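I opened this notebook to record what I looked up in one structure. The entries follow the order in which I worked.

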Amino acid sequence: MAVATACGIEGRADAGPPPQAPTSKETGKQLWHDSTGQPPVNVSVPSQSSLAPLIKQLKPAVVNISSTTVMKNPHRGLRMPNGGGGGDDDENQQLFEKFFGQREMPEELKGTSLGSGFIINDDGYVLTNNHVVKDATDIKVRLSDGREFEAKIVGRDPASDVALIKLQQLKGKLPTVALGDSDALDQGDFVLAIGSPLGFRESVTFGIVSAKDRSLTGGAFDDFLQTDAAINQGNSGGPLFNMKGEVVGINTAIISPQIGSGIGFAVPINMAKQLVPQLLTGKVSRGYLGVAVSELTPDLVQGFGLKEGTKGALVQSVVPKAPADKAGVKPGDVVVAVNGKPVDSPSLLTRTVSSVQPGGKATLTVLRGNEKKDLTITVAQRPDEEALARGELGGGEEGEGGPAAQKPGANDKLGIRIAPVPPQVASELNVQPDQGVLVVAVNPNGPAGSAGVRKNDVILEVNRQPVNKVEQVVGLIQKMKPGQVVVLRVQRGQQASYLPVKLGGEKK
């Protein structure tokens, strides 16, 4: 009653109209705008007060997966010391027999894992995570109606952590789920996770899509959906549903509870749909160009003279005789599209090309300076392990500076000392004698050092112009003003890459 009375006396009905937004003295505009009472967009929310009907429909096709892994015991054949004399040996023997029930160590050790999955057709095919069934010697699948089946691995892909298994000796009709379109998801869409977290079968959690295109490991195929729908150990391989009851993701990973909570990740179902036809054959083949690419940063955009806001993947180097090399792709090209589909990052380029079957054709749209080119490439088979690591120049002759290594202008604006490339260093790097200049000293706090240039790097190009003399580098840098961005192509070990450097020196 006291609350009600207070509201009656001080409520808005007796307090007059609400305050109006004041205007800015500088612009004359209101400092805020009041809500009209209508939502800014037509928001779609679950229409019913309960998700129970949807869950009842979806739950039968979600399965619990338990797998057994058998590995050779590295200590097999060893025996514990004979006891009887008391002391530590007897205690060790008792502990050993408590766990193994025998005096001799077993030949094999068994491990078990628990996960989830979902049935995609009535032939008994089940999608799950690779890490749920990896190296499994025995797989058992339990349905919500109590039926249990043995399952065999059909195909698995460690790179995407997706696996396809098949139920054996089917009895009765199987429930199935429909696969949706993960590309159509937006941040904020409602999602539902069903699985067996921590052994609690048929658990359901609800949340939203927190983000898309997340990278966890830095792998080439990281493209995770992030969700705050609770995911725990045992949810792995289970489905992430949209509100239409379609699978839009495969729940895969969580952030450690010690670091954060409510952060789970799922493989987009569209990625899995691309893989299923290949998983049926037992092997996944991916397309390969033979390029090393990196982000196109704003400094690189400026340094290359590209239009502000240009997006793409910068080609740092091209593998000799690889498909990209044969098609005419050059270091410094910016890939902006594949088969007409825009590319705005290196990872998107890799994933897009990997979806092209080896031997197939792909059209790369590249920017070379201000010119746009379409290059047709015959895609090759992606190697299992690509040599993408940047090598470090080990040992070798550092080179002495001499008079040519210290030139006014270059040191002030870049913060480095350069010299001709000694023959021994050129041989180690497979650099031609008339190619590049050697960095013999770097100020770590200078412009080049801050950009990542290191001692013993070889500068191959300055603003896309090949250089082989110290005087060339000095002349090109002297023409530029402090604060401008110069793009250096730098070779380190066997890998060359572009580095944008904002020039130092006094501004006049």
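What volume does the second largest cavity have? I read about 30 Å³ for the second largest cavity. The model is predicted, so I kept to these limits: local features need pLDDT of at least 70, side-chain atom pairs count only at pLDDT 80 or more, and totals for chains, interfaces and linings use all residues. Residues are numbered from 1 along each chain as its sequence is written, and side-chain values use heavy atoms, with hydrogens and water left out.

Entry: cavities. I worked on a 1 Å grid over the protein atoms alone, where a cavity is a set of points that a 1.4 Å probe fits but cannot get out of, and lining residues have an atom within 4 Å of a point. Grid points are joined across faces, edges and corners, and a volume is the space filled by probe spheres set on the points. I found two cavities of 30 Å³ or more. I sorted residues into nonpolar (Ala, Val, Leu, Ile, Met, Phe, Trp, Tyr, Cys and Pro), charged (Asp, Glu, Lys and Arg) and polar (the others, Gly among them). This lining divides into four nonpolar, two polar and one charged.

The largest cavity holds about 50 Å³. Its lining includes Val62, Arg142, Gly195 and Glu202. By class I noted three nonpolar, four polar and three charged residues there. Strand S1 (residues 62–72) gives the most to this lining, with three residues. Helices (H or I, at least four residues) and strands (E, at least two) are DSSP runs, numbered from the N terminus.

Entry: the largest pocket. A pocket is an open set with protein on both sides within 12 Å along at least five of seven lines. I read about 1300 Å³ for the largest one. Of its 50 lining residues, Ala220, Ser347, Leu348, Thr350 and Arg351 are the closest to its centre. H9 supplies the largest share of the lining, nine residues. By class the lining has 17 nonpolar, 19 polar and 14 charged residues.

Entry: the chain. I counted 14 helices and 27 strands.

Entry: helix H14. In H14 (residues 470–478) I listed Val470, Val473, Val474, Leu476 and Ile477 as buried. Seen down the helix axis, these buried residues fall within an arc of 165 degrees (taken from the directions from the axis to the C-beta atoms), so they line one face of H14.

Entry: three loop residues. Val431 is in the loop between helix H12 (423–428) and strand S23 (437–442), and counts as buried at 6% relative accessibility. Not counting residues up to four places away in sequence, Val431 touches Ala426 and Gln491 (contact means heavy atoms within 4.5 Å). Val431 and Gln491 are 60 residues apart in sequence and 9.1 Å apart in space, C-alpha to C-alpha.

Most residues other than glycine have a negative phi. I noted Gln169 with a positive phi of about 50 degrees. Gln169 sits in the loop between strand S6 (162–167) and strand S7 (178–179) and is exposed, at 73%. Asn456 also has a positive phi, near 80 degrees, but counts as buried at 13% relative accessibility.

Key: Buried < 20%, exposed > 50% of the residue type's maximum accessible area, 1.4 Å probe, protein only.
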